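Open the model in your viewer and keep the selection panel at hand.

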Amino acid sequence: MSEPVVRVFPDAAAVASAVAGDLAATLTDAAASCGIATVVLSGGSTPLALFGLLAGTPYCDTIPWASTHVFWADERLVPPDDPGSNYGQAWQALLRHVPLPPANTYRMRGEWVGDAAANDYSAQLAAFARLHEPDAARAWPRFDAVLLGLGADAHTASLFPGSPADSEKPVLAVEADYAGRPAQRLTLTPPVFNSARQVWFLVTGAAKSSAVAGSLARDSSPVRYPARRISPVNGEVVWYLDVPAASEL
Ligand code: 6PG
């Protein structure tokens, strides 16, 4: 467990560009050393600039897409073609533009009811881990890179302030209202994030400066600031911020 690394960039475009370069390097290294690479995506507006970069040159050609496996940190309980779907957003902005084999996409079943969808995703994670890490005690993969966002209320993935304490389950169905987005959601849980190699928070804009400061303060409450629960045992946390988001640090 190490202290989070905080990297501050002039603007949101520079954040997206840095994450794109770091992600390409991480996936390339993982594919070279393990034969496969895994990445976990989030929803919201922040990753759209990153998705745009990854979908274009050089990354659509240089990332080892054929060896890359794509998962989600959270999902809204809507069908995949609904504008509120995190999978749908990633498909439109990124996945349909790159040579990722369809079988390498592991989406949460947003069109199902919460508990069934959570159980299904838990089973997808367990099956992937059994296949690729048969000796692991975990029922989920050790992800190479997890991309997370942060709400102005300090939620991350769909772990909201005041949400139930740590779960042993890898996937939970939750309900939370935020910015008029679909309230019924699924989320990965801290034990999954905490076995990842890299967890990267992408946060831009002044509206999130106080949520960033609270999430990084050593003495702040993990109930109020769920990102405090994310601290990989044998991995790294990096915060990619623009200047406005970092303004209260
Ligand atoms: C979701 C997200 C969520 C998101 C934050 C930030 O599905 O809603 O994964 O955790 O990262 O709400 O969203 P913005 O990038 O739009 O500010």
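Select the ligand and the 17 residues around it; Thr46, Asp74, Ala157, Arg181 and Lys208 come nearest. A residue is near a molecule if one of its heavy atoms lies within 4 Å of it. This is a predicted model: local features need pLDDT of at least 70, side-chain atom pairs count only at pLDDT 80 or more, and totals for chains, interfaces and linings use all residues. Residues are numbered from 1 along each chain as its sequence is written, and side-chain values use heavy atoms, with hydrogens and water left out.

Colour the shell by class: three residues are nonpolar, nine polar and five charged. Here Ala, Val, Leu, Ile, Met, Phe, Trp, Tyr, Cys and Pro count as nonpolar, Asp, Glu, Lys and Arg as charged, and the others, Gly among them, as polar.

Start at threonine 46, where a side-chain N or O atom is 2.5 Å from a ligand oxygen. Asparagine 86 has a side-chain N or O atom 2.6 Å from an oxygen of the ligand. At arginine 76, a polar side-chain atom lies 2.8 Å from a ligand oxygen. How much of the ligand's 420 Å² of accessible area does the protein cover? The protein covers 97% of it (Shrake-Rupley method, 1.4 Å probe).

Next, select helix 2 (residues 47-55) and helix 4 (residues 86-93). Helices are DSSP runs (H or I, at least four residues), and strands are runs of E (at least two), numbered from the N terminus. The two axes, fitted to C-alpha atoms over the stretch in contact, come within 9 Å and cross at roughly 40 degrees. Show Leu48, Phe51, Gly52 and Ala55 of helix 2 against Gln89, Ala90 and Ala93 of helix 4; contact means heavy atoms within 4.5 Å.

Move to threonine 57 and proline 58: a cis peptide bond joins them, with omega about 5 degrees. Proline 58 sits in the loop between helix 2 and helix 3 (59-62).

Finish at alanine 154, in the loop between strand 5 (145-148) and strand 6 (171-175). Alanine 154 has a positive phi of about 85 degrees.

Methods: A polar contact is a pair of N or O atoms within 3.5 Å; within protein, one must be able to donate a hydrogen and the other to accept it, and residues adjacent in sequence count only if both atoms are side-chain atoms. Axes are lines fitted to C-alpha atoms, for helices over the stretch in contact, and angles run from 0 to 180 degrees between N-to-C directions.
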